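Subject: Structure handover

Hi,

Here is the structure I promised to pass on.

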Number of protein chains: 4
Amino acid sequence: MKNIGNIRTDLALEAREALTNEQAPEIDGVIYKTEKDDIMEITTVDIENETGSQTMGKPVGTYITIESEYMRDNDIQAQKKITEALSQKLGELIKPEKNKKALIVGLGNWNVTPDALGPKVVNRILVTRHILESIPEDIRDSVGNVAAVSPGVLGITGIETAEIIKGITQRVKPDVIIAIDALAARSVSRINSTIQLSDTGISPGAGIGNCRTPLNEETMGVPVIAVGVPTVVDAATLVNDTFDGILTSMLEKNGYESQTAKSIKHICDEDKFDDILSALEPYSGNMFVTPKEVDAVIERLSDIIANAVNMVLHPVIDIEDVKNFSF
Amino acid sequence: MKNIGNIRTDLALEAREALTNEQAPEIDGVIYKTEKDDIMEITTVDIENETGSQTMGKPVGTYITIESEYMRDNDIQAQKKITEALSQKLGELIKPEKNKKALIVGLGNWNVTPDALGPKVVNRILVTRHILESIPEDIRDSVGNVAAVSPGVLGITGIETAEIIKGITQRVKPDVIIAIDALAARSVSRINSTIQLSDTGISPGAGIGNCRTPLNEETMGVPVIAVGVPTVVDAATLVNDTFDGILTSMLEKNGYESQTAKSIKHICDEDKFDDILSALEPYSGNMFVTPKEVDAVIERLSDIIANAVNMVLHPVIDIEDVKNFSF
Amino acid sequence: MKNIGNIRTDLALEAREALTNEQAPEIDGVIYKTEKDDIMEITTVDIENETGSQTMGKPVGTYITIESEYMRDNDIQAQKKITEALSQKLGELIKPEKNKKALIVGLGNWNVTPDALGPKVVNRILVTRHILESIPEDIRDSVGNVAAVSPGVLGITGIETAEIIKGITQRVKPDVIIAIDALAARSVSRINSTIQLSDTGISPGAGIGNCRTPLNEETMGVPVIAVGVPTVVDAATLVNDTFDGILTSMLEKNGYESQTAKSIKHICDEDKFDDILSALEPYSGNMFVTPKEVDAVIERLSDIIANAVNMVLHPVIDIEDVKNFSF
Amino acid sequence: MKNIGNIRTDLALEAREALTNEQAPEIDGVIYKTEKDDIMEITTVDIENETGSQTMGKPVGTYITIESEYMRDNDIQAQKKITEALSQKLGELIKPEKNKKALIVGLGNWNVTPDALGPKVVNRILVTRHILESIPEDIRDSVGNVAAVSPGVLGITGIETAEIIKGITQRVKPDVIIAIDALAARSVSRINSTIQLSDTGISPGAGIGNCRTPLNEETMGVPVIAVGVPTVVDAATLVNDTFDGILTSMLEKNGYESQTAKSIKHICDEDKFDDILSALEPYSGNMFVTPKEVDAVIERLSDIIANAVNMVLHPVIDIEDVKNFSF
């Protein structure tokens, strides 16, 4: 009965939520597990097979979500803990080893604040590929081989992001790609308070724009780890969900078998999504909802992600000196 | 029956639209007039008396709206025509005279793109107050006495904008204040394609934030002309309106006397606005909807407004050399 | 013989250096004292009377300079120590008391990176003036009454900064003004690694631009504490000083009484400064020298200064939670 | 006798100036020609053979320089003429043909204002490679096949720019590369008022940084046209040149055979460049001189270059609608 077709979310967590309820808490081919402390909640969604993948509308693989309201605040202690947790989970996906070469890819448009997360993280990555030779012998073994690029978006380059990264990959020959992107959430409450990791790669612009050739192991020839933060909610999705919420609450008040209930269900089944899109003209499908303070939060989230990536790839760096390090 | 209480719009045009329909096209105490060519539509809403003011929820005065889809495009010819029209309408409100001193106030927060219109216009104003003495004799008479400030927003200053401007006004002693601000529209189609002028002053932050002490003739002691462009739609307003639109279309399909119609009206009358706000948690009342390309459009609109203001205040400048001039 | 007339420096420390040497280490009416640890050096220059003031070309008062190369680096531990030292020295000048009202003024142009220090600090100040009533009773006594403004620069406003601040001061009625500005140093090595405090006020734009009406106790009616960081060296000053350095080293090699020495002194005495200015045409007096990484360093210095100011004015905040606090 | 070794200039025009004088106005293997009107001066320096290349320290090829003080001003008429001249000269170097594929490369760092020219031009390029299919039949023949990238700088990516562009080139297979970069001039008067074109390619970061693998026909496999604007003068070069200028004027006043002249020549021959670099510590070789208004001028120059490139590559666009076009 539920249909996720029109709904834009990049979070596996939310796709699962939309497909389950108290009566049907499980999805075939999908394993779900959660752990929680006073700072954050970490959820793992494993899509195990094609059945799960089809139901969820997402590729087979592991999706880890770190949720914490502290991401929105300027709380150094909480940020440290989130950075450490992110760094540990990233390590589980990347399995860093000596001499492993990493290419960090910052997706998104640096001119559009809520889409600038990827490029901002890239600016904070400690790249070493070009100076490995000149790093002091005694720490060289605990320093990774790291390069990073922000390829820009299709509308500015005229080139699919996957093509650009493929071309660079063929020359740089990394062992793993880590792609950072701003995402779209379905729920306003997850904006700027959620980080999703996955080993399935990513489709550039899936969040705020159209789907493109994905960056994944199949297209790139090396594993692609995706790290994303939802920074916006698609305006049409927000309207649709609020609408459904209010109608559902009406159904509950009026009883499911009443005449009202039936007409309300009728409304729900109508193609109301088209009406919503037309309310967003002339920007349909191209408007997003974002909080006022987005600029400051994006800076903070870029710090957290860049620090976690730097810690994973350069063992010499730990949480206490994560910002003190430069090669 | 219609209630504009929860709806956030800064446009008199939209307030009027919400209060009229085909059956009741007139509002007591409000005069409405429109002119149109192939580039733009200019609408004048005159709120004539207290009756009109109470119905509209806006002060007595003249509100002129210039609407043109060309504002969103990079079309130099259309921009020239819009600039000239804006300059002419501004002139009607300001009634510039020799030796009249103008203070331009750029409201809004320069760190938040859709709120940065005011400060961006101020950056482009040709200020002359400090150099009038040194301007060549032969053009001095056709140059105005212009100063400009961007006071910042309450959350950053801790001081009401009206207080700051009052303090500056008492020292600079302008004959007229022109206040520029980003506004909130109700309709997505008006975003970045509408300029509203009025002689009633303005409430800083009314668009995206709370109401504050207004800047108007009463508080400042000199006439305050407001120039605004809607750059966002409040997220709750958007959801509400889309909701109403869909329900209305249902009513039309089902007939107004059916059982369905009655239950639908029931939904409409419920306090659905609270449900909408709670869907926007934890950002309720603080999220806005904006198109992706907002950065470029704001630059363009700042050019149009600053050029029009410069033309009105400095008679020596005409549309052909509006950008060539610097003192 | 030495003449500081053409030289642009805002640092009392550098003015003193230019006027003393091993043979004449003291200046009449000026007391000098220095303390040093492994992180920073703190120098106090007290100009005690008119004699000292005239020689130094600076007003009577106390000038405290904190110098540390760590300001340029991203070293959290060193930053904490610098912040604490700055906060303590600020406290000595401000003498904060219960219910004392402070107005923070961010001088400079937010559109020009090396001049944006003041506005960037203002963005990070915890302003409370507008919400004092709503602060919980139990902490209200340890929270100050703080407002903040960034008035912009004369070229953009057409109004002298001192006039704007005077107007705001008359309405806000603070007990003390703290003015933050980017300064010009004479020595490249002091750029972005020095913070100067003084109780003498400040002349907006003295660093990169012309002298204007000062902000000081005389003009404002309340004490004005200045906090500044040199972010540029004036290009003409840099050329001049390098020139003198090389000629002096020639004199030392050739002996002071030789024919060469005499011709070299002749060169020094010529009005070479005009030649230097003409080499900087068409930008003479308007070019500055700045390092490439200026953007990142300015962010860091804004953090240090804003944190120190917040700690001094709000006793409830200490160094461990300086960034965690928001009211 | 003259030595260009220490001097940083990216302009062939300035390299030639440094090597010629009234007595020796010609360089073997270098042809020089100039044309001038009331708006601009266009100079062509042809380095014809290895002899010329070695003397000039630049590759064999054609260097065209457009100089105009109007580039610094906001003068629309002059900008149109400069854009048209640039477009024509670009056309001579690119020789555009039907179906020719162009890749525009914006070199430099978008986070450092005077180095952001390349990325800013790329943002304004009308890219079509991804939408050629959907362009209306009737204009398709007069629209080019254009892609564009801003690869970032080595310090941020860890990858030589030439490697990134080589990788992208191998996938996109353009027929010509147009590389845009900010340059370093030797003379302050050429900053932001000069555009240099050449068919010899470019070394990323040659202007403000170290030399890297060049982007040229040899390394890329397709012709590389370079377009650059000097936005800075290296601080050490500025000091050195001013120094030389003053000493030369001394020589002229004192006669070339006097004792003074000899000691002054001695000074000139000393390695004063080291003294200059040490005066710039701790930033030696990394400080640049730039005018205050750099931000606004860079925007304007990006417009001129992007418009000229768009006109050359898309015949459908002419100077009257250069900004009206979007596909």
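Before the helix packing, a word on geometry: axes are lines fitted to C-alpha atoms, for helices over the stretch in contact, and angles run from 0 to 180 degrees between N-to-C directions. Helices (H or I, at least four residues) and strands (E, at least two) are DSSP runs, numbered from the N terminus.

Now the housekeeping. This is a predicted model, in which local features need pLDDT of at least 70 and side-chain atom pairs count only at pLDDT 80 or more, while totals for chains, interfaces and linings use all residues. Residues are numbered from 1 along each chain as its sequence is written, chains are lettered from A and ligands numbered from 1 in the order in which they are written, and side-chain values use heavy atoms, with hydrogens and water left out.

**A helix pair inside chain D**

Helix α4 (residues 117-124) of chain D packs on helix α12 (residues 294-313) of chain D at an angle of about 50 degrees, and their axes are 8 Å apart. That angle makes α4(D) oblique to α12(D) (under 35 degrees is roughly parallel, over 145 roughly antiparallel, 65 to 115 roughly perpendicular, and the rest oblique).

On the α4(D) side, the contact (heavy atoms within 4.5 Å) is made by L117(D), K120(D), V121(D) and R124(D). Their partners in α12(D) include I298(D), L301(D), I305(D) and A306(D). The residues of the contact of α4(D) with α12(D) come to six nonpolar, two polar and four charged (Ala, Val, Leu, Ile, Met, Phe, Trp, Tyr, Cys and Pro are nonpolar, Asp, Glu, Lys and Arg charged, and the others, Gly among them, polar).

Which residues of α4(D) are buried? They are L117(D), G118(D), P119(D), V121(D) and V122(D), where buried means under 20% relative accessible area, exposed over 50%, and partly exposed in between (1.4 Å probe, protein chains only). The buried residues of α4(D) pack against α12 and several strands of chain D, including β4 (101-106) and β5 (145-149), and also against α6 (154-157) of chain A.

Helix α7 (residues 161-172) of chain A and helix α7 (residues 161-172) of chain D cross at roughly 120 degrees, with axes that come within 8 Å. α7(A) and α7(D) are therefore oblique to each other, and their crossing is right-handed. Among the residues in this contact are E163(A), I164(A) and K166(A) from α7(A), and E163(D), I164(D) and K166(D) from α7(D). The contact of α7(A) with α7(D) divides into four nonpolar, four polar and six charged residues.

**Salt bridges**

Side chains of opposite charge can pair when their charged atoms come close. Over all chains, the structure holds 39 salt bridges, each a side-chain nitrogen of Lys or Arg within 4 Å of a carboxyl oxygen of Asp or Glu.

- E17(A) and R190(A) meet at 2.5 Å, N to O. E17(A) sits in helix α1 (residues 12-19) of chain A and R190(A) in the loop between β6 (176-185) and β7 (194-198) of chain A, 173 residues apart. E17(A) counts as partly exposed at 40% relative accessibility, whereas R190(A), at 9%, counts as buried.
- R129(C) and E163(B) meet at 2.9 Å, N to O. This pair crosses between chains, from the loop between α4 (117-124) and α5 (137-140) of chain C to helix α7 (residues 161-172) of chain B. R129(C) is partly exposed at 23%, and E163(B) is partly exposed at 22%.
- K89(D) and E35(D) have their closest N and O atoms 3.4 Å apart. K89(D) lies in helix α3 (residues 76-94) of chain D and E35(D) in strand β1 (residues 30-36) of chain D, 54 residues apart. K89(D) is buried at 11%, but E35(D) is partly exposed at 40%.

**Chain A overall**

Chain A has twelve helices and nine strands, and 58% of its 327 residues count as buried. Of the contacts in chain A with a separation of 6 or more, 72% come from residues 24 or more positions apart.

Cheers

Key. Left-handed = near helix turned anticlockwise from the far one by under 90°.
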